[in-house]
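Dear colleague,

I am handing over the structure below, and after it you will find an account of what came out of going through it. Please read the account with the model open beside you.

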Amino acid sequence: MEELATRYDASQVEAKWYQAWSQAGLFSPSDPSDKPNFTVTIPPPNITGTLHMGHSLCYPVQDAIGRYKRLRGYNVLILPGQDHAGIAAQSVVDKELKKEGLSAVKLGREAFVQKVWDWQTEYGGRILEQFKQLGCGFDWSRRRYTLDDAYVRAVLHVFIDWFERGLIYRGKRVVNWDPVLQTSVSDIETERKVVRGKLYHIRYPFSDGSGSVTIATTRPETMLADVAVAVHPSDERYRGMIGKSLVLPLTGQEIPLIEDTYPDPEFGTGAVKITPSHDANDFEVGVRHNLPMPIVIDPKGKMTEDCGPYAGLDRIEARKRIVADLEEQGFLEKIDDHEIALITSERSGEVIEPLLSEQWFARQTELAKPALEAVKSGKIRFIPDRYNKVYIDWMENIRDWNISRQLWWGHRIPVYYTEEGTAYAAHSWEEAQSKAGDNKIVRQDDEVLDTWFSSGLWPFATFGWPDDQGQLKERFPTDLLVTDRNIIYLWVARMIMMSLDQIGDIPFPDVVIHATVMTEDGRRMSKSLGTGVDPGKIIAEKGADALRFTLLGQAGHNQEIRYSERKTDDARNFCNKIWNATRFILMNMDGVVDTEPAELAPIDQWLLSRLARAERISKAAYDDYDLQEASQTLYKFFWSELCDWYIEISKPRLANEATRATCQWVLLRALEGFATMMHPIMPHITEEVYAHLPIANKSPFVMSAPWPDVARFENADVETRVERWIEITRSVRALRAEIGLIDLKKTAEGYFEGDLEGGDEVIRTQSALTSLVAGVPAQKHVSITVEGVDIHIPIEGLIDSEKEGQRLQKELEKTQTEHDKLAERLSNPQFVERAKPEIVDRERENLSELASKLAKIQERIRLFSN
C-alpha cells in the first residue's frame, strides 16, 4: 500500500473506492448466505429527475443504514429502480417536440410513446449515476423499472383482480384538472402558493322579493354553475328561510337555500354558493342533497356553450366580463383584496381547475381497514412517531382513489370494450376477446393509470411477483422504507394497502420520514425561487463525503434541516482533519506489532473506554435511525478525544521506546474503530484510511469488515479519573491566558496542592509547564482552584508587571467606555421600544459580556498591582 498522500483529494479517493466496491461485488448480497437478510427497495426516482438536496439526504440515509447493517453482519440488499413518471415524462417530451414544430397529436399515440421511450433511454438514467457520485451502494444488477415487462404484468394482474372483484369502477368526481396538459393530476403534482387576489361579494335575491343573501367568492366565473346556496343549520340568521328560492344573478335561474354542515357560520354572512362540478367540497354537498351538477368550464379552461354570452371565453377573461356585468346590474356589493391559496400544476405551471370528470376509481374503504390496523397495532411504525397519527387520521377518512390519467405515456388501462360498450379487464386484446365470447372487442380504453398505482406495487413487484415467488419469499417483507412526508397518503398508504391485499403481509415494519432540506434562513429550496442548490456542484468542489456529513449529521428525528455551504466547508475541514491525523499516526507506526499490550496506562484505558462508549452510543443511534446522534458522537470522539487530547499526549510517548508500542496499538484500535463506525456516513475517506492501517487480520474493505468489538474497554472509573486531569489542564491553560501567557511555547513552572491521581505528567505536558511539583512557590504567583486542587504559577521574570499593568489600564478604560455607551443606549426607553426585539436582546447580551470582561481586567490589574 502506497503512502497516504500529503493532501486529501476527494475526487480521486471517491471515484477510486466506488469503482473498487463495484468490482468486488460488494453492492450485491451473498447468495446463498447464513446471515440474516436486510432489504430496502429505494423510492424509485422519476426518469425525469435530476439530483437535488432532497435526494442527497433521502438516498444516502438508506445507503448509510445499509452499510451499517452490513457491518453488523447482515446480508444486505438495497434494490434500486426508477418510476416511469407518467405526467412528468410526457410533459418533458411534449416540450421537446414543440421545439421541433411537432406535437403528440401530430405524431399519434404509438409514435409519441416511442419518442418517450427514446428520450428515457438517452436521459432517464442520469439520476442513478448521480446516486453513485453520492456513494450510494445499491445493487445495480437488480435495477427495476415500473415499465419493464415483468413489472407491467404485475400491474395488469392487480388491476384485473380489483376490476373483477368490483373494486374498480367508472364514476364522476371533482378532480385536479390541468387545462394545458389535459389530464387530471394528483395533489403531489400540484404546487400551492399564496397570492394577492380579490374576494367578490355578490347579492343573490330571494325570488319572492323578500330580501337577499350575500355570498363571497374568489371565482365568480363558476357562479354560472351554482345550483344552491348553503348555510349551517345552527345559523340563526337564516331561521325560517331554508327551502326558499334565490335568483341566480345574470341567469335568472332559481336555486334553493339549503342547510348543510359544510358552511362556517363564523365566516362572513355564513352563506356559501354551491357549485358541485367545480369544487370538491361543493361536490360532496351536491351528493348529499342530490343536486344537479352542470359544468360551465371545459377541459381546455374555456366557458362551455351553456354559458350564453360568455361561451368560448377563457375562464379568466370570463371572470372580468362577469364581474363587470354583476356591477352593472347591481348584484356586486363590494370587492375586497384577499389572499388566495392558488393551486397550480407542477409540470405546466397552469392554474388547476377543479372539474367534475368521469374517471376510473378504486374503492378504498375495505382495502384501508387492514392497512389501518397494521399501524394501530404497531406492526408498522412511523419514525418520528407523530406520523402514526397523520396516517391514521387520513386512513379513517379515506376516499375512493382516482386512478386514471388522460395521458399516453404509462400503463394503459387494460379495459377493452365491445361494440355494445361492455367492458372487460384483460392482459391483452386476445384475452379480452376470449372473455367477451361472441361479442366483438372494438377498442381499448385510451387512458393510463396514475403512476402511484404502479409504484404502490414496488415492495413486492420488484421481486418478480407474480411470476417468480422465489425472490419474494426470500426478501419480502422488506425491512425499511425511507421517504418524504408529502407522499404518506399518495404512496406509503397505497403500498401498505396493496401489499396486504395481494401478498397478505405488510411491505415493511419501519417507515422513516426524513427531514426537509431548507435554505439557511428557513426557505424552501426551489430552482424557480432561486433558492435551489446543485448537489453535483457541491460534490465536485468539496466531495460527496463532505456533503453526506453535512446532511446526515443533521438527520435525527427532526423534520427540517438548514443547509449552508459554510456547514459543508466545516465538513470538508473535518475530512482534512481525518486525513492529517491519519497521516500523523501512520508516520509513527515504524516497527509496529499489532498485538495487545499486557498493560495499559490510564490515558490508554481512557481513550479505549471513550471508543467503547462511542461504539455503544452510535450503535444505538444507527439502530434508531438517528444518524445525527451517530455522526456527532463519532465526530466528538475523533476530533476532541483522539486528536485534541490523546494524540497530543502521545507525542512524547511515541518517542519513548518504553511506551511506543502501547501507544501505537491504542492509536490503531481507535482509528480502526472510528473508520468502521463512521463508514456508513463518510464511506470513501474511511475506506481510504482503513486501507492504510497496518493491522492484523484486516478485511479486504472496511465496507465488509465486522463492527468493532470494543465493549470490554468501557471503564467509567478511569474516564472519571482522566477527565479530571483534562479539566485541570483546561483550567491551567485558561489561567495562562488570563495572565498573558497564551503562547504555550512560553514555558513556566507549576506547583500544586492536592491529589492529582497520577495525572501529573499529563497536566504538566499539556499545560506547557517545565515542572509540576507539590507545594507553594515563594515568589509572586497566580493561582487557581479546580477539582479540589490548587495550581500555582510563578510569574516573576515571565511578565513585566509594570508594562502589563499599564496595558491593562488602557484596556480597562476602552472597555469601560464601550460598556457605558451601551448601558446608556439600553436605558433609553425610546430605543428599547422602537428597536426590534432581537436587536435589544443582542445588545443586552453584549452588555453582559462587556461587564464580564471588565471584571476580568480589574482582577488582572489587582494581581499585577500586588
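This is a predicted model: local features need pLDDT of at least 70, side-chain atom pairs count only at pLDDT 80 or more; totals for chains, interfaces and linings use all residues.

Pro466 has its place in the loop between α14 (458-461) and α15 (469-475), where helices (H or I, at least four residues) and strands (E, at least two) are DSSP runs, numbered from the N terminus. The peptide bond that joins Trp465 and Pro466 is cis, with an omega of about 5 degrees.

Residues are numbered from 1 along each chain as its sequence is written, and side-chain values use heavy atoms, with hydrogens and water left out.

Two residues also deserve a look for their backbone angles. Most residues other than glycine have a negative phi, and most peptide bonds are trans. Leu250, in the loop between β10 (245-247) and β11 (254-259), has a positive phi of about 75 degrees although it is not a glycine. With a relative accessible area of 24%, Leu250 is partly exposed; buried means under 20% relative accessible area, exposed over 50%, and partly exposed in between (1.4 Å probe, protein chains only). Asn290, which lies in the loop between α8 (280-289) and α9 (315-328), has a positive phi near 55 degrees, and Asn290 is exposed, with a relative accessible area of 69%.

Turning to the strands, an open sheet is formed by 3 strands in the order β19-β18-β20, with antiparallel pairing; two strands pair if DSSP finds at least two bridges between them. Because β19 (423-425) and β20 (441-444) stand at the edges with a single partner strand each, one side of each is left without a neighbour in the sheet. Neighbouring strands of this sheet are turned by 35 degrees against each other on average, direction ignored. Strand β18 (residues 415-418) is joined to β19 by 3 bridges, and Tyr416 has Tyr424 in β19 as its bridge partner.

Helix α12 (residues 429-436) lies across β18, β19 and β20 and runs at about 135 degrees to β20, where axes are lines fitted to C-alpha atoms, for helices over the stretch in contact, and angles run from 0 to 180 degrees between N-to-C directions. Helix α7 (residues 149-164) lies across β18 and β19, at about 135 degrees to β19; contact means heavy atoms within 4.5 Å.

Elsewhere, 8 of the 10 residues of strand β14 (residues 353-362) are buried, so β14 is largely enclosed by the rest of the structure. Strand β5 (residues 168-178) pairs with β14 in the antiparallel sense over 10 bridges, and Ser357 in β14 is the bridge partner of Arg173. β14 also pairs in the antiparallel sense with strand β16 (residues 401-402), over 2 bridges, and there Asn402 in β16 is the bridge partner of Phe361.

Trp606, in helix α20 (residues 602-623), is buried, with a relative accessible area of 2%. Leaving aside neighbours within four places in sequence, Trp606 is in contact with residues including Trp645, Tyr646 and Ile726.

Finally, the structure holds 2 cavities of 30 Å³ or more. On a 1 Å grid over the protein atoms alone, a cavity is a set of points where a 1.4 Å probe fits but cannot get out, and lining residues have an atom within 4 Å of a point; grid points are joined across faces, edges and corners, and a volume is the space filled by probe spheres set on the points. The largest cavity has a volume of about 80 Å³, and among the residues that line it are Leu57, Val61, His514 and Tyr625. The second largest cavity has a volume of about 50 Å³, and its lining includes His84, Glu189, Arg405 and Trp409.

With best regards

How values were computed. On a 1 Å grid over the protein atoms alone, a cavity is a set of points where a 1.4 Å probe fits but cannot get out, and a pocket is an open set with protein on both sides within 12 Å along at least five of seven lines; lining residues have an atom within 4 Å of a point.
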